[in-house]
Amino acid sequence: MAEIGARLQALARATTDSRGEELWLVSLSGVRQVASEMGVSLREVEIAALRERVMPARYLRNLGTVGWEGQIALLQSTVGVVGAGGLGGWIIEGLARMGVGRLIIIDGETFEENNLNRQALCTERNLGQPKIEAALRRVAEVNAAVQIAAHQVRVDEAQMVQLLRGAGVLVDALDALPTRLALQRAAQKLSLPLVHGAIAGYVGQVMTILPDDPGLYGLYGHGELPEHGIEVQWGNPAATPMMVAAWEIQEVVKLLIGRGEPLRRRLLFMDGEIGAVDILQV
Amino acid sequence: MLITVKLHATLRRYQPDLPRGAGLALNVGLGTAVNQVMAQVGIPAGAAVVAVVNGKARRLDHVLSEGDTVSLFPPVAGG
């Protein structure tokens, strides 16, 4: 690691931050060069750089909100994202850009034409192809340091427990109520925090659920549940998944870096039609 | 006793004349539960609804008190 540090120091260039203080930066090509020379992953080089207080330029605009140790924590973290559709696509993109080091992504579906209006990973070229493949390709384009374990399956609770073991935070980007409850039970079994998000038409909701919290059971009870909510009538336009995914990304980052106050036992319910946000105790 | 009912998202259609964000003042009998209020504002029995009383999620058989604000939300499950 000392050798990597010395190599990074040699490639780093000095700049000044917004307060006029000296800051050392290493470029993407510098990180790639060191990774290739030393035979280590991009992620390890970035972590080594941050430890030497050399900032990979790609994370420079994260620094003010996550800090040096926060960026290291993000790169050392594993986040499980269940669903790579309307919410999941934006969430995967956002977490990769923030520099979350490892993602476990689960989705069993292929893209359909009706996904084009809102799903970040869906393009005219990949219709009919697995969402998981698009996620892998997109993350490789956006941040090749991020390592992905991709699972193209429709999961039940037992499989979730098996596949998501090793993650630090789980993200609900699913599209049906019973599966969401199964994910909450899986998160409880794994003793992991779960960031829940759901959308329908103009409205969406976000909540961070810790293993002891009532979470979705506090909202929907323990009785029989409908498979779907009002998204069946209202559809899913482009803006709502972006808004809810953005909140979910922020909740994940806060949990990983230990900063801020999560939306714990609080459901944020936003209504884009009337421009209102309610916070409900759950 | 007097309570206030607020309908959210698609549930607003049951009180279409109510201004957006406004609450409906209702005079109900002692011991009235959330599901009875739902019937009173025209929400069909058996409809999936999330009830929030004074900002806290409650069961549909939760018995209300004077001055309570009942907010009703539809289930949201898309992704």
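**Close-ups of the A–B interface and its aromatic pairs**

**View 1. A salt bridge across the interface.** A:E273 pairs up with B:R12 in a salt bridge, and their closest N and O atoms sit 2.7 Å apart. Keep in mind that this is a predicted model. The count of salt bridges between chain A and chain B is 2, and there are also 12 residue pairs in polar contact between these chains, both residues at pLDDT 80 or more.

**View 2. The side of chain A that touches chain B.** Elements giving two or more residues to this side include α5 (86-98), α8 (177-189), β8 (194-200) and β10 (266-271) of chain A. Sort the residues here by type and you get 17 nonpolar, 9 polar and 7 charged. Overall, 33 residues of chain A are in contact with 19 residues of chain B. Together the two chains bury about 2,100 Å², with 63% of that on carbon and sulfur atoms.

**View 3. An aromatic pair within chain A.** Searching the whole structure turns up 2 aromatic pairs over all chains. In the pair A:Y202 and A:W234, the ring centres are 5.7 Å apart and the planes meet at 80°, so this one is edge-to-face. A:Y202 lies in the loop between β8 and β9 of chain A and A:W234 in helix α10, so the pair ties together parts 32 residues apart in sequence. A:Y202 counts as partly exposed at 41% relative accessibility, and A:W234 is partly exposed too, at 26%.

View 4. The rings of A:F269 and B:F73 have centres 4.6 Å apart and planes at 65°, so they are edge-to-face. A:F269 belongs to strand β10 of chain A and B:F73 to strand β5 (residues 69-73) of chain B, so the pair joins two chains. Both A:F269 and B:F73 are buried.

Notes:
Residues are numbered from 1 along each chain as its sequence is written. Chains are lettered from A and ligands numbered from 1 in the order in which they are written. This is a predicted model: local features need pLDDT of at least 70, side-chain atom pairs count only at pLDDT 80 or more; totals for chains, interfaces and linings use all residues. Side-chain values use heavy atoms; hydrogens and water are left out. Contact means heavy atoms within 4.5 Å. Buried area is the accessible area (1.4 Å probe) that two parts lose on being put together, summed over both. A salt bridge is a side-chain nitrogen of Lys or Arg within 4 Å of a carboxyl oxygen of Asp or Glu. A polar contact is a pair of N or O atoms within 3.5 Å; within protein, one must be able to donate a hydrogen and the other to accept it, and residues adjacent in sequence count only if both atoms are side-chain atoms. Helices (H or I, at least four residues) and strands (E, at least two) are DSSP runs, numbered from the N terminus. Ala, Val, Leu, Ile, Met, Phe, Trp, Tyr, Cys and Pro count as nonpolar, Asp, Glu, Lys and Arg as charged, and the others, Gly among them, as polar. Rings of Phe, Tyr and Trp (its six-membered ring) pair if their centres lie within 6.5 Å; planes under 30 degrees apart count as stacked, over 60 as edge-to-face and the rest as tilted. Buried means under 20% relative accessible area, exposed over 50%, partly exposed in between (1.4 Å probe, protein chains only).
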